[in-house]
Amino acid sequence: MSDFPKSVNICEEGPREGFQSEPNMVPTADKIRFIEALAETGVREINCVSFVNPKRVPQMADAEAVAAGIRKRPGVHYTGTILNAAGFDRARKTPLDCLPLLFLSASETFGIRNSNKNRTEALAEQQELLSLYQAAGFTPRDGYVFTAFGCAYESDIAPSTVVRAVSELLELFKGLPVPRIVLCDTVGWAHPLSVERLVGSLRERWPELRLGLHLHDTRGLGIANAMAGLRLGVDHFDSSCGGLGGCPFAGNTAAAGNIATEELVQMCEEMGISTGIDLERLIECVAMAEEIVGHPLPSKVAHAGSLAARRKRNAQIALSAN
């Protein structure tokens with residue numbers, strides 16, 4: 001049985017996860033104009049920057065300058081990724097919407113490689129971050145589980161392992177508003193059946209838990225995995241305009257960006273699932289992104305055009321022929 005949502009919320013990741021994967025620094029002014037163009041499409045949340053160590057991610061060294069330069073559009077949340085206390089201290093001093101999150105890696109090996117912390121140490125760090133957020137008057141909205149479907153070091157991740165990670169996150173949120181848990185296919189390991197299996201396992205344990213998906217298209221299954229999530233009622237997705245992110249054109253053949261926002265929007269709207277996003281304007285943003293980064297992006301919808309535009313063109317041709 002399918003339980004498609006009537007509408008979905010899409011968080012646009014292109015300016016942050018996309019641009020930080022580029023081998024060359026994207027000029028601050030280009031980042032700002034891209035973010036402002038995205039805000040005109042109807043996207044309600046844009047992840048603009050990441051407040052991380054510029055020595056590790058030099059492409060995000062201008063995070064404060066980007067945040068200060070954006071002309072905000074009412075009704076749009078402009079956020080920045082916060083992963084530690086230093087990042088939180090930087091983010092709260094900017095005009096961006098400060099939405100800190102808590103996170104764990106289902107794969108302990110990945111967690112160690114990523115942050116040099118084992119599971120116990122990672123949990124302790126998240127507890128410290130939560131205390132810091134609360135002291136400053138902020139409540140995390142989301143809990144993210146990295147490598148929820150598989151890991152380059154540990155291979156397949158059992159649903160029971162992810163259930164444990166989600167349980168540990170929910171324990172941190174105890175006494176706070178129930179969070180949304182976002183399952184991340186960090187290394188492109190998921191397939192539709194594994195998405196259904198994991199979402200089903202979590203729904204069995206926590207029937208009312210809000211779930212989201214952060215999918216990468218590393219092995220070409222990103223949009224199929226999104227479809228599997230939609231069938232089970234998942235109504236939040238992180239995606240990236242044009243498929244921006246570690247694509248082969250950017251010199252990174254090991255990974256791809258998030259699923260392309262315009263392809264997710266096309267699929268949802270064709271199925272009668274509202275996104276609130278103007279697809280034609282979004283396709284224009286893909287062209288802008290390609291001009292900014294200087295190489296083609298993997299989006300098929302952007303290059304082929306939307307079905308709605310094709311129907312309109314065919315109707316005009318038929319009308320002129322009569």
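Guide: Welcome! Helices here are DSSP runs of H or I with at least four residues, numbered from the N terminus. The structure above is a predicted model.

Visitor: In which helix is Ala 289 found?
Guide: Ala 289 has a relative accessible area of 0% and is therefore buried. Leaving aside neighbours within four places in sequence, Ala 289 is in contact with Phe 34, Leu 244 and Leu 297. The helix that holds Ala 289 is helix 11.

Visitor: How many Å apart in space are Ala 289 and Gly 14, C-alpha to C-alpha?
Guide: Along the sequence, Ala 289 and Gly 14 are 275 residues apart. In space, their C-alpha to C-alpha separation is 8.9 Å.

Visitor: Are helix 2 and helix 11 roughly parallel or roughly antiparallel to each other?
Guide: Helix 2 covers residues 28–39, and its axis lies 10 Å from that of helix 11. The packing angle is about 170 degrees. Angles over 145 degrees count as roughly antiparallel. The arrangement of helix 2 and helix 11 is therefore roughly antiparallel.

Visitor: How many charged residues does the contact of helix 2 with helix 11 have?
Guide: Helix 2 brings Asp 30, Arg 33, Phe 34, Ala 37 and Leu 38 to this meeting, while helix 11 brings Leu 282, Cys 285, Met 288, Ala 289, Glu 291 and Ile 292. Sorted by class, the contact has 8 nonpolar residues and no polar ones. The number of charged residues is 3.

Visitor: Which residues does Met 288 touch, not counting residues up to four places away in sequence?
Guide: Met 288 is also placed in helix 11. Its C-alpha atom is separated by 39 Å from that of Gly 200, 88 residues away along the chain. Without residues up to four places away in sequence, Met 288 touches Arg 33, Phe 34 and Ala 37.

Visitor: What is the handedness of the crossing of helix 10 and helix 11: left-handed or right-handed?
Guide: The axes of helix 10 (residues 261–270) and helix 11 come within 10 Å and cross at roughly 160 degrees. These two helices are therefore roughly antiparallel. Their crossing is left-handed.

Visitor: Is helix 8 roughly parallel or roughly antiparallel to helix 9?
Guide: The axes of helix 8 (residues 192–205) and helix 9 (residues 222–231) come within 8 Å, crossing at roughly 30 degrees. Angles under 35 degrees count as roughly parallel. Helix 8 and helix 9 are therefore roughly parallel.

Visitor: Which residues of helix 8 make the contact with helix 9?
Guide: Helix 8 passes helix 9 in a right-handed crossing. Helix 9 takes part through Ala 224, Asn 225, Ala 228, Gly 229 and Arg 231. Helix 8 supplies Pro 192, Val 195 and Glu 196.

Visitor: Which residues touch the most other members of the largest nonpolar core?
Guide: This core has 94 residues. Its largest share, 8 residues, comes from helix 11 (residues 279–293). The residues that touch the most other core members are Val 145 and Leu 183.

Visitor: Is Tyr 144 buried or exposed?
Guide: Tyr 144 has its place in strand 5 (residues 142–146). Beyond four places in sequence, its contacts include Leu 101, Phe 103, Val 182 and Asp 238. Buried means under 20% relative accessible area. At 10% relative accessibility, Tyr 144 therefore counts as buried.

Visitor: What is the relative accessible area of Thr 147?
Guide: Thr 147 sits in the loop between strand 5 and strand 6. Its phi is near 45 degrees, a positive value in a residue other than glycine. Thr 147 is buried, because its relative accessible area is 0%.

Visitor: Does Ser 155 count as buried, partly exposed or exposed?
Guide: Ser 155 is found in strand 7 (residues 155–156). Although not a glycine, Ser 155 has a positive phi of about 65 degrees. At 36% relative accessibility, Ser 155 counts as partly exposed.

Notes. Residues numbered from 1 in each chain as written. Predicted model: local features only at pLDDT ≥ 70, side-chain atom pairs only at ≥ 80, totals over all residues. Heavy atoms only, no water. Axes fitted to C-alpha atoms, helices over the stretch in contact; angles between N-to-C directions. Parallel < 35°, antiparallel > 145°, perpendicular 65-115°, else oblique. Left-handed = near helix turned anticlockwise from the far one by under 90°. Contact = heavy atoms within 4.5 Å. Core = buried A, V, L, I, M, F, W, Y, C linked by side-chain atoms within 4.5 Å. Buried < 20%, exposed > 50% of the residue type's maximum accessible area, 1.4 Å probe, protein only. Nonpolar A, V, L, I, M, F, W, Y, C, P; charged D, E, K, R; others polar.
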